[in-house]
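Hi everyone, thanks for coming. I'd like to take a few minutes to walk you through one protein chain, going from the overall picture down to some local details. Let me put it up on the screen.

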Amino acid sequence: MKVDVLLGLQWGDEGKGKVVDVLTPRYDAVARFQGGPNAGHTLEFDGKKYVLRSIPSGVFRNDTNLIGNGVVLDPVLFREEAEALCESGVDLRQSLKLSKKAHLILPTHRLLDAANEKAKGDAKIGTTGKGIGPTYTDKTSRNGVRIGDIFDNFSEKYAAARNRHLDRLAALGATPDPEELAALEARWLSAVEYLKNYDIVDGEFLVNDLLQQGKSVLCEGAQGTMLDVDFGSYPFVTSSNTVCAGACTGLGIAPNKIGEVFGIFKAYCTRVGSGPFPTELFDETGKLIRDLGHEYGAVTGRERRCGWIDLVALKYAIMVNGVTKLIMMKSDVLDGFDTIKACTAYEIDGKLTDRFPYSIDSDRVKPVYKELPGWKTPMSSMTSESQFPKQFNDYIAFLEKELQTPIVIVSVGPDRMQTIER
């Protein structure tokens, strides 16, 4: 058996949570391979909405779910999320497993995140302030604290990390109030004890044992390809590898064990926080897309920047991920537009290119658009491909020709049932 990978192809917020929820009945296990509580995956079904931050989106329909070693976990936020799910009837203690090698977000990581961002001034990244970057920094500098450490000299390891962080905060002029820090730590340490209620495992053995048993596994990514620390719009990126290769390092899977790669994208583009965005719209059209698409962060509530679809960036994302099947989300948001635009090339210093460049400085990169007729038909109540209007089918055909990859699923609304397979 091989694992299938599902990931975002744009700047995150593509709708991965919903698609994982739709696909999970076909898999025996779902494994989250990177990111942290800065990623919110929204699922809607039976008239209810759920936002998952660290927990895999397969928990509603699957018996085995893994938080992999590539994830960074905040025990406090995890506890809040888990207890909320348990109150709604989801028995996580039976289905959820945590990798020993996943790194823990400490209270001082969050303080460092805020202090580092403040120190950057106008050059700030637009972090969510959840401590993700400092935690990954500790991981790569070999100073991190992992879930498995809570069973082995934990007090000593925690104190060493905490003291390093306090020295750094002092250097930044951001020494925390001792009473406030003590309160944060007490809550955090209580949440660490809560983690012990779950099955803490060697995640790499779990996944590979499942494959040897002939079980099917879906790997769930967070954020999006254009936020990848190596291949995204650096430095305005996240701190982990959001691309398909991140499933290998974030779960302990060999590259030859990768099967299908599902790439998710919106029928338009959005971005949260700072960073270049070539097709961003600053006019009423951008505002209309934001309002129709309810484009506000699931975790942060931040307003998302909106623009037309960027096929230069999308083709690049398909290439670096080895995408085999595409899934298009939020098609219904564009139902009312007379004309749909798609960026097919960039003009940089007077020259055209369809290759994603080293830098996409918005002052130098000008998108070149192709205009297509809108379908002017409400699609949210459609249940099959046969109901699609001709102009929408033409839009799909145009995208498939440009991207050289089949679009196998189209979403026409937020609910689980508003998902059409082609």
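This is a predicted model: local features need pLDDT of at least 70, side-chain atom pairs count only at pLDDT 80 or more; totals for chains, interfaces and linings use all residues.

Now for the overall dimensions. The C-alpha trace spans about 65 × 50 × 40 Å along its principal axes. For 422 residues, a compact globule would have a radius of gyration near 22 Å, and the protein has 21 Å, which agrees. On the inside, 55% of the 422 residues count as buried. If you take the contacts with a separation of 6 or more, 77% of them come from residues 24 or more positions apart. The secondary structure comes to 12 helices and 20 strands.

Let's zoom in on one helix, α8, which runs over residues 203–212. Which of its residues are buried? They are Gly 203, Glu 204, Leu 206, Val 207, Leu 210 and Leu 211. Looking down the helix axis, you find these buried residues within an arc of 165 degrees, so they line one face of α8. On the face turned away from that buried side sit the exposed residues Phe 205 and Gln 212. After the helix comes Gly 214, with a positive phi near 80 degrees.

Next, the backbone details in the loops. Where would you look for a cis peptide bond? Go to Tyr 234 and Pro 235, which are joined by one with omega at about 5 degrees. Pro 235 is in the loop between β10 (217–220) and α9 (245–251).

I also have two residues with positive phi to show you. Arg 142 is not a glycine, yet its phi is about 65 degrees. You'll find Arg 142 in the loop between α5 (132–140) and α6 (154–171). Is Arg 142 buried or exposed? Its relative accessibility is 75%, and the cut-off for exposed is over 50%, so Arg 142 counts as exposed.

The other one is Gln 404, again not a glycine, with a positive phi of about 55 degrees. Gln 404 lies between α12 (390–403) and β19 (407–411), in the loop there. At 66% relative accessibility, Gln 404 counts as exposed.

That's my tour, and I'm happy to take questions!

How values were computed
Residues are numbered from 1 along each chain as its sequence is written. Side-chain values use heavy atoms; hydrogens and water are left out. Helices (H or I, at least four residues) and strands (E, at least two) are DSSP runs, numbered from the N terminus. The radius of gyration is taken over C-alpha atoms; the globule rule is 2.2 Å times the number of residues to the power 0.38. Buried means under 20% relative accessible area, exposed over 50%, partly exposed in between (1.4 Å probe, protein chains only). Contact means heavy atoms within 4.5 Å. The arc is that of the directions from the helix axis to the C-beta atoms.
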